[in-house]
Amino acid sequence: MPPSFPARARNITQDINTMKNSNGRRSRKKRRRKREDAYSVTLSHEAPFVNLRRWLKKKGFSSRSLVPASFSDIGRGLMATKPIKANDLLISLPERCLLTTDTVLKSYMGEYIKRWQPPVSPLVALCSFLIAERHFGDASEWSPYIKVLPKSYTCPVYFSDDIMELLPYGLQKKAADQREQFQELYSSSQPFFSSLQPLFTQPIEDLFTQDAFRWAWSSVNTRTVYMEHVQSDYLSREKDVLALAPYLDLLNHCPKIQVEAGFNKLTRCYEIRSIQSCRKFQQAFICYGPHDNQRLLLEYGFVAPGNQHSVVYVDLGILKVCLNEGDKQLQQKLLFLKDNDFLKNLTFGIDGPSWRLMTVLKLLSLKPEQYSSWKSVLLGAAVSQDTEEWCIHKAQMLCQHLSDDNINVLKRLAQLKDGADQAQLEQLGVVEGLRREERAILERSKEVLQSLLPQSLPWQQDGIRNTER
Ligand SMILES: C[S@@+](CC[C@H](N)C(=O)[O-])C[C@H]1O[C@@H](n2cnc3c(N)ncnc32)[C@H](O)[C@@H]1O
């Protein structure tokens with residue numbers, strides 16, 4: 001959770017509603033209805049949270065203004081019990097409460113890490129410690145914290161191949177790479193895990209299983225805050241910026257929130273200051289970064305409805321679908337675009353096709369006698385009315401292709417829900433959320449593209465004409 005900019009005390013459903021339509025009785029009614037729909041139940045009296053707060057109090061932390069609660073739309077998070085003003089400290093967690101590599105090196109595991117060559121990474125050190133502490137149960141010093149950690153996650157490292165296939169192509173590739181890196185890290189850490197055997201009575205291979213490592217790896221990936229440490233000689237050269245922050249890590253993400261976050265060297269606390277205010281009984285949010293929904297799913301296993309950073313990506317395979325393979329210059333044009341790095345980040349957003357996508361389409365539309373104008377095209381010049389229309393038409397085709405794919409995926413997803421267990425249902429729910437958000441973006445893009453076409457164009461009456469180049 002690279003902590004950057006936090007919290008406003010509204011639930012996301014409400015925010016999106018407010019953003020879309022802030023005027024009028026209908027929208028007010030709608031907002032009221034949403035507010036009634038999304039409700040919260042405080043968790044602060046449940047044993048795990050009572051124990052967590054008691055344990056943190058001994059370490060010098062208490063929070064009266066934020067209590068754990070379960071929100072019907074998002075799940076667990078922190079609720080404000082009194083109004084929090086803009087620029088107030090939202091939370092201030094003393095250094096003693098943070099779980100860092102320093103904690104691990106000073107623990108019973110420290111001497112094993114210090115002895116190990118080549119040194120393990122900060123990530124492996126933290127994961128190993130989490131696995132060991134979870135195994136020690138009530139005997140563990142960190143047990144009150146470990147007990148409130150989720151038992152499993154909805155990140156792609158948990159997905160079966162069936163579910164992976166439902167992801168958009170680019171994300172599927174990133175998720176597959178991530179899974180490979182995870183597996184490689186697990187395999188390469190085996191000798192180190194074996195060296196920890198003297199700490200346990202049970203065989204190490206029964207404790208440091210792939211499942212246990214997946215849980216620890218996901219806990220670190222989805223919950224750590226960014227905190228720079230002095231690089232230890234006992235750890236690998238990978239930058240050591242990870243800190244698990246109990247209680248603070250119950251804060252959920254909202255893309256529109258702004259916060260200031262970081263370790264304050266004077267107070268020796270990890271502090272989050274909210275730029276926005278937060279009303280009593282509302283969820284306090286932070287912002288994990290200006291991430292689109294694909295990145296949120298990959299790194300954190302969720303998507304944010306109405307995320308203003310979200311886009312639908314057009315990869316080369318999809319771009320080719322709408323291009324005329326008969327164009328003799330096509331390969332040469334694509335090579336030119338690739339060499340100049342123009343084939344990445346072609347997107348549709350809530351405002352329609354990106355400038356980059358339309359520029360690439362314009363470059364692809366050029367006839368040999370127009371090649372000399374490619375620089376002015378890059379600067380935004382129009383080639384001709386005919387070309388502009390051709391590009392809009394191609395963008396419409398891309399949008400339609402992506403929409404069709406989206407509909408097919410949602411159908412397959414519905415089939416997979418039959419017979420899925422609870423964990424799979426949660427994973428499918430996240431993928432469904434992503435696909436539905438993408439569908440909304442594509443529908444909006446279609447409207448934008450349609451509005452760009454002159455009213456008098458023939459295909460508005462007769463359907464889309466084929467304007468191949
Ligand atoms: C730092 S934790 C936040 C607390 C977490 N909800 C919990 O129950 O422990 C990050 C995780 O919370 C969930 N999360 C955060 N923001 C969310 C949001 N806006 N919608 C849905 N889930 C969210 C995701 O599972 C994410 O990996």
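**Starting point: K375**

K375 belongs to helix α17, which spans residues 374–378. The model is predicted. K375 counts as exposed because 8 other C-beta atoms lie within 10 Å, and the cut-off for exposed is 12 or fewer. Between K375 and L316 there are 59 residues in sequence and 22 Å in space, C-alpha to C-alpha.

**Overall make-up**

- The protein chain has 20 helices and 13 strands.
- Of its 469 residues, 36% are buried.
- Among contacts in the protein chain with a separation of 6 or more, 74% are between residues 24 or more positions apart.

- Helix α16 covers residues 355–365 and is largely enclosed by the rest of the structure, because nine of its 11 residues are buried.
- Those buried residues are L357, M358, T359, V360, L361, K362, L363, L364 and S365.
- They pack against α15, β12, β13 (352–353), α17 and α18.

**Helix pairs**

Two packed helices are described by the angle between their axes and the distance between the axes.

- α16 with α18:
  - The two axes come within 9 Å and cross at roughly 120 degrees, which makes α16 oblique to α18.
  - This crossing of α16 and α18 is right-handed.
  - On the α16 side the contact involves L357, M358, L361, K362 and S365, and these meet T387, W390, C391, K394 and A395 of α18.
  - Sorted by class, the contact of α16 with α18 has six nonpolar, two polar and two charged residues.
- α18 with α19:
  - Helix α18 (residues 385–417) and helix α19 (residues 422–452) have axes that come within 9 Å and cross at roughly 155 degrees.
  - α18 and α19 are therefore roughly antiparallel to each other, as angles over 145 degrees count as such.
  - The crossing of α18 and α19 is left-handed.
  - From α18, the contact is made by I392, A395, Q396, C399, L402, S403, N406, V409, L410, L413, L416 and K417.
  - From α19, the contact is made by L425, L428, V431, E432, R435, E438, R439, L442, S445, K446, L449 and L452.
  - The contact of α18 with α19 comprises 14 nonpolar, four polar and six charged residues.
- α6 with α12:
  - α6 and α12 pack with their axes 9 Å apart, at an angle of about 120 degrees.
  - α6 and α12 are therefore oblique to each other.
  - Their crossing is right-handed.
  - L123, L126, C127, L130 and I131 of α6 meet A212, F213, A216, W217, S219 and V220 of α12.
  - By class, the contact of α6 with α12 has 10 nonpolar residues, one polar and no charged.

**Surroundings of the ligand**

- There are 18 residues around the ligand, of which R76, T222, N252, Y300 and F302 come nearest.
- β3 (75–80), α12 (210–223) and β7 (252–253) are the elements that give two or more residues to this shell.
- The most is given by β3, with three residues.
- The shell around the ligand consists of nine nonpolar, six polar and three charged residues.

**Backbone points to check**

Most residues other than glycine have a negative phi, and most peptide bonds are trans.

- Q117 to P118:
  - The peptide bond from Q117 to P118 is cis, and its omega is near -10 degrees.
  - P118 sits in the loop between α5 (110–115) and α6 (122–136).
- N87:
  - N87 has a positive phi, near 75 degrees, and is a residue other than glycine.
  - N87 lies in the loop between β3 and β4 (89–94).
  - N87 is exposed, because 11 other C-beta atoms lie within 10 Å and 12 or fewer count as exposed.
- N345:
  - Phi of N345 is also positive, near 55 degrees, in a residue other than glycine.
  - The loop that holds N345 runs between α15 (330–339) and β12 (347–349).
  - N345 is exposed, with 12 other C-beta atoms within 10 Å.

Methods
Residues are numbered from 1 along each chain as its sequence is written. This is a predicted model: local features need pLDDT of at least 70, side-chain atom pairs count only at pLDDT 80 or more; totals for chains, interfaces and linings use all residues. Helices (H or I, at least four residues) and strands (E, at least two) are DSSP runs, numbered from the N terminus. A residue is buried if 20 or more other C-beta atoms lie within 10 Å of its own, exposed if 12 or fewer, and partly exposed in between; C-beta atoms are placed from the backbone. Two residues are in contact if their C-beta atoms, placed from the backbone, lie within 7 Å. Axes are lines fitted to C-alpha atoms, for helices over the stretch in contact, and angles run from 0 to 180 degrees between N-to-C directions. Angles under 35 degrees count as roughly parallel, over 145 as roughly antiparallel, 65 to 115 as roughly perpendicular and the rest as oblique. A crossing is left-handed if the near helix is turned anticlockwise from the far one by less than a right angle, and right-handed if clockwise. Ala, Val, Leu, Ile, Met, Phe, Trp, Tyr, Cys and Pro count as nonpolar, Asp, Glu, Lys and Arg as charged, and the others, Gly among them, as polar. A residue is near a molecule or strand if its C-beta atom, placed from the backbone, lies within 6 Å of it.
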